[in-house]
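Biologist: I am new to this structure. Please show me how to read it.

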Amino acid sequence: VHNHPNCHLSGVYYINPGEPDPDNLNSGLIGFSDPRAGAAMISNSYIDFGASYQYKPEAGMLLIFPAYLFHWVHPFTGKGQRITVSFNAKLLEPSVT
């Protein structure tokens with residue numbers, strides 16, 4: 001589990017997610033969790049503060065998320081070659097000319 005300090009945005013583009021092993025339900029999944037220490041202190045039926053979410057990659061999928069968000073990727077097991085492009089972005093104030 002990690003985040004990307006000194007960046008504003010992070011992302012991943014899935015060129016080819018590979019063919020996950022059907023016996024490994026977490027193969028290649030990307031997960032996100034709320035980094036706020038007290039986020040799960042109160043819950044209700046429509047907002048899952050503090051919850052974790054996992055997504056199954058698909059070819060052509062682009063995920064962009066705040067760089068402070070805790071995230072992880074489960075090891076890929078399966079057939080084919082898994083090809084992704086990950087990136088970070090730092091937003092800069094426009095220069096005045």
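**Reading the features**

Modeller: Start with aspartate 34: its relative accessible area is 22%, so the residue is partly exposed. Partly exposed lies between buried (under 20% relative accessible area) and exposed (over 50%), with a 1.4 Å probe and protein chains only. This is a predicted model: local features need pLDDT of at least 70, side-chain atom pairs count only at pLDDT 80 or more, and totals for chains, interfaces and linings use all residues. Residues are numbered from 1 along each chain as its sequence is written, and side-chain values use heavy atoms, leaving out hydrogens and water.

Biologist: Which side chain meets aspartate 34 in a salt bridge?

Modeller: A salt bridge puts a side-chain nitrogen of Lys or Arg within 4 Å of a carboxyl oxygen of Asp or Glu. Here the partner is arginine 36, at 2.7 Å, N to O. Arginine 36 is partly exposed, at 47% relative accessibility. A search of the whole structure finds 1 salt bridge.

Biologist: How do strands form the open sheet?

Modeller: Strands of a sheet pair through backbone hydrogen bonds, either parallel or antiparallel. Strands are DSSP E runs of at least two residues, numbered from the N terminus; two pair if DSSP finds at least two bridges between them. Here 3 strands run in the order 4-3-6, with antiparallel pairing. Strand 4 (52–55) and strand 6 (70–73) are the edges, each pairing on one side only. Strand 3 (residues 30–33) joins strand 6 over 4 bridges. Isoleucine 30 stands opposite valine 73 in strand 6.

Biologist: Where is isoleucine 15?

Modeller: Isoleucine 15 sits in strand 1. Its relative accessible area is 44%, so isoleucine 15 is partly exposed.
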